[in-house]
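Student: I'm new to this one. Could you walk me through it, please?
Tutor: Gladly! Let's look together and take it one question at a time.

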Amino acid sequence: MLRNSETGYGLIAIVFHWLIGLLFLGQAALGFYMSDLPVDDPSAFATYQWHKSIGLTILTLAALRLCWRLAGMAPALPAAMPAWEKRAARAAHIFLYAGLLIVPLTGWALVSASPLNIPTFAYYLVVIPHLPVPASEAAETVWAFVHESLAKLVLLVALIHIGAALRHEFVLRDGLISRMVRPVRRS
Ligand code: HEM
Ligand code: HEM
């Protein structure tokens, strides 16, 4: 099935999950690599443009994914899962959805606040306008701090989420990852 049901995820939620999940992890790695590059590195400009392009792609996909999720339902968590763990899993999912929107928005605000006024060329195809935020060195520093801190926090929660999923699959063996791999069948 394309849509989620009470017993499992549909194909659309599964494709969104893995596409955005992998893009997010790659994007975080690219962010750390990029911010270690010397300012005069010849590849720095292109690397920043790739980080901005992929980040804006994540923002667009995450917004579409959230609409799809809100228009449907999520399958019930396994009945054997303790109540505290169900609450933690739901809170982590909400946090990750929010992070997938807020982290790229703060990155976009950061480049918009820079007095250097460097344009964003999404995949060298489209010029993305800056967000209407005040531009100054101080504002850029604040947005950079917010962007980097939130990116690290969301990455940490994503790593805990991955650890929890692996524990379910390989220790508890309740097939939790399998249901994010095989779409639910029409009953
Ligand atoms: C989900 C999407 C994104 C993730 C996970 C992410 C992650 C990161 C990470 C981990 C860093 C390095 C932090 C550090 O060195 O401590 C970084 C830096 C940066 N990001 Fe992003 N980012 C995302 C989206 C964006 C977007 C959409 C833009 C701009 C349109 C952007 C612009 C930047 C810039 C300019 C820096 C360098 C900041 C500096 O060195 O002062 N990011 N990002
Ligand atoms: C790459 C390793 C990952 C694995 C093995 C994994 C595994 C899973 C599994 C099994 C579920 C379904 C839980 C359930 O059945 O209720 C899930 C849901 C979810 N995952 Fe992941 N995940 C990974 C990476 C990520 C990343 C990097 C993010 C975001 C940054 C993410 C965000 C989410 C969200 C938001 C949900 C909730 C989906 C919904 O109910 O609409 N995952 N993940």
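Tutor: One definition to start: six donors count as octahedral if opposite donors are over 155 degrees apart and all others between 65 and 115. Keep in mind, too, that this is a predicted model.

Student: Is His17 buried or exposed?
Tutor: Buried means under 20% relative accessible area. His161, at 25%, is partly exposed. His17 has a relative accessibility of 16%, so it counts as buried.

Student: Let's move to ligand 1. Which residues coordinate its iron atom?
Tutor: The 6 donor atoms around the iron atom of ligand 1 subtend angles of 87 to 180°, so this arrangement is octahedral. The protein's contribution comes through NE2 atoms at 2.0 Å, from His51 and His147.

Student: Which helices does that pair tie together?
Tutor: The two histidines connect parts 96 residues apart in sequence. His147 lies in H4 and His51 in residues 44-71, so the helices are H4 and H2.

Student: What is the relative accessibility of His51?
Tutor: His147 counts as buried because its value is 14%. His51 counts as buried too, with a relative accessibility of 12%.

Student: How far is an oxygen atom of ligand 1 from an N or O atom in the side chain of Ser35?
Tutor: Ser35 is among the residues that come nearest to ligand 1, along with Gln27, His51, His147 and Lys152. For Lys152, a polar side-chain atom lies 3.1 Å from an oxygen atom of the ligand. For Ser35, the distance is 2.6 Å.

Student: Which element gives the largest share of the shell around ligand 1?
Tutor: The elements giving two or more residues to this shell are H1, H2, helix H3 (83-113) and H4. The shell's residues divide into 13 nonpolar, 7 polar and 3 charged. The largest share, 7 residues, comes from H1.

Conventions. Residues numbered from 1 in each chain as written. Chains lettered and ligands numbered in written order. Predicted model: local features only at pLDDT ≥ 70, side-chain atom pairs only at ≥ 80, totals over all residues. Heavy atoms only, no water. Buried < 20%, exposed > 50% of the residue type's maximum accessible area, 1.4 Å probe, protein only. Donors = N, O, S within 2.8 Å, 3.2 Å for Na, K, Ca; no water. Tetrahedral: all angles 85-135°; square planar, octahedral: opposite > 155°, others 65-115°. Helix = DSSP H or I, 4+ residues; strand = E, 2+ residues; numbered from the N terminus. Near = heavy atom within 4 Å. Polar contact = N/O pair within 3.5 Å; in protein donor to acceptor, adjacent residues only side chain to side chain. Nonpolar A, V, L, I, M, F, W, Y, C, P; charged D, E, K, R; others polar.
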